[in-house]
Structures are given as structure tokens and as C-alpha cells.
Amino acid sequence: MDGDEILCKLCESKIIVYYHEQYNGDRGKCPICGVDFPLE
Ligand SMILES: [Zn+2]
């Protein structure tokens with residue numbers, strides 16, 4: 001997924017991808033509407 005832009009399904013803003021230590025994996029978060037979801 002290198003370089004891929006993920007867009008929020010609700011507002012179509014660019015998703016911020018970050019590493020979640022407790023979840024032990026990548027997650028995405030929308031800065032506009034605040035949705036947070038696993039990237040798998
Ligand atoms: Zn959004």
C-alpha cells in the first residue's frame with residue numbers, strides 16, 4: 001500500500017494512517033469526521 005491515498009468514505013478527506021501499539025497494526029483516522037478503523 002505504499003503511497004496509496006486512502007479517502008474517508010464519509011467525507012472523502014484524506015485519511016491519516018498511524019501505527020496503533022495496542023492494536024499492533026496500522027489504523028486509519030479521518031481528521032474531519034473522526035472515524036477510526038483498522039487497515040487490513
Ligand atoms: Zn471523514
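Asp-26 touches Val-17, Tyr-19 and Leu-39, leaving aside residues up to four places away in sequence; two residues are in contact if their C-beta atoms, placed from the backbone, lie within 7 Å. This is a predicted model, in which local features need pLDDT of at least 70, side-chain atom pairs count only at pLDDT 80 or more, and totals for chains, interfaces and linings use all residues. Residues are numbered from 1 along each chain as its sequence is written.

**Asp-26**

- Asp-26 is found in strand 2; strands (E, at least two residues) and helices (H or I, at least four residues) are DSSP runs, numbered from the N terminus.
- Asp-26 is partly exposed, because 13 other C-beta atoms lie within 10 Å.
- A residue is buried if 20 or more other C-beta atoms lie within 10 Å of its own, exposed if 12 or fewer, and partly exposed in between, with C-beta atoms placed from the backbone.
- Asp-26 and Pro-38 are 12 residues apart along the chain, and their C-alpha atoms are separated by 6.3 Å.

**The chain as a whole**

- The protein chain has 0 helices and 3 strands.
- Read from the N terminus, its elements follow the order β-β-β.
- The C-alpha trace spans about 25 × 20 × 15 Å along its principal axes.
- The chain has 40 residues, of which 5% count as buried.
- Taking contacts between residues at least 6 apart in sequence, 9% join residues at least 24 apart.

- The 3 strands form an open sheet in the order 1-2-3, with antiparallel pairing; two strands pair if DSSP finds at least two bridges between them.
- Strand 1 (16-20) and strand 3 (36-38) stand at the edges with a single partner strand each, so one side of each has no neighbour in the sheet.
- From one strand to the next, the twist averages 35°; axes are lines fitted to C-alpha atoms, for helices over the stretch in contact, and angles run from 0 to 180 degrees between N-to-C directions.
- Strand 1 and strand 2 (residues 25-29) run antiparallel and are joined by 5 bridges.
- Ile-16 stands opposite Lys-29 in strand 2.

**Residues with positive phi**

- Most residues other than glycine have a negative phi, and most peptide bonds are trans.
- Glu-12 is not a glycine, yet its phi is positive, near 65°.
- Glu-12 is in the segment before strand 1, and Glu-12 counts as exposed because 10 other C-beta atoms lie within 10 Å.
- The C-alpha atoms of Glu-12 and Gln-22 are separated by 27 Å, and the two residues are 10 apart along the chain.
- Asn-24 is also not a glycine and has a positive phi of about 60°.
- Asn-24 lies in the loop between strand 1 and strand 2, and Asn-24 counts as exposed because 7 other C-beta atoms lie within 10 Å.

**Ile-32**

- Ile-32 lies in the loop between strand 2 and strand 3.
- Ile-32 counts as partly exposed because it has 13 C-beta neighbours inside 10 Å.
- Cys-8, Cys-11 and Ser-13 are touched by Ile-32, not counting residues up to four places away in sequence.
- Ile-32 and Ile-6 are 26 residues apart along the chain, and their C-alpha atoms are separated by 14 Å.
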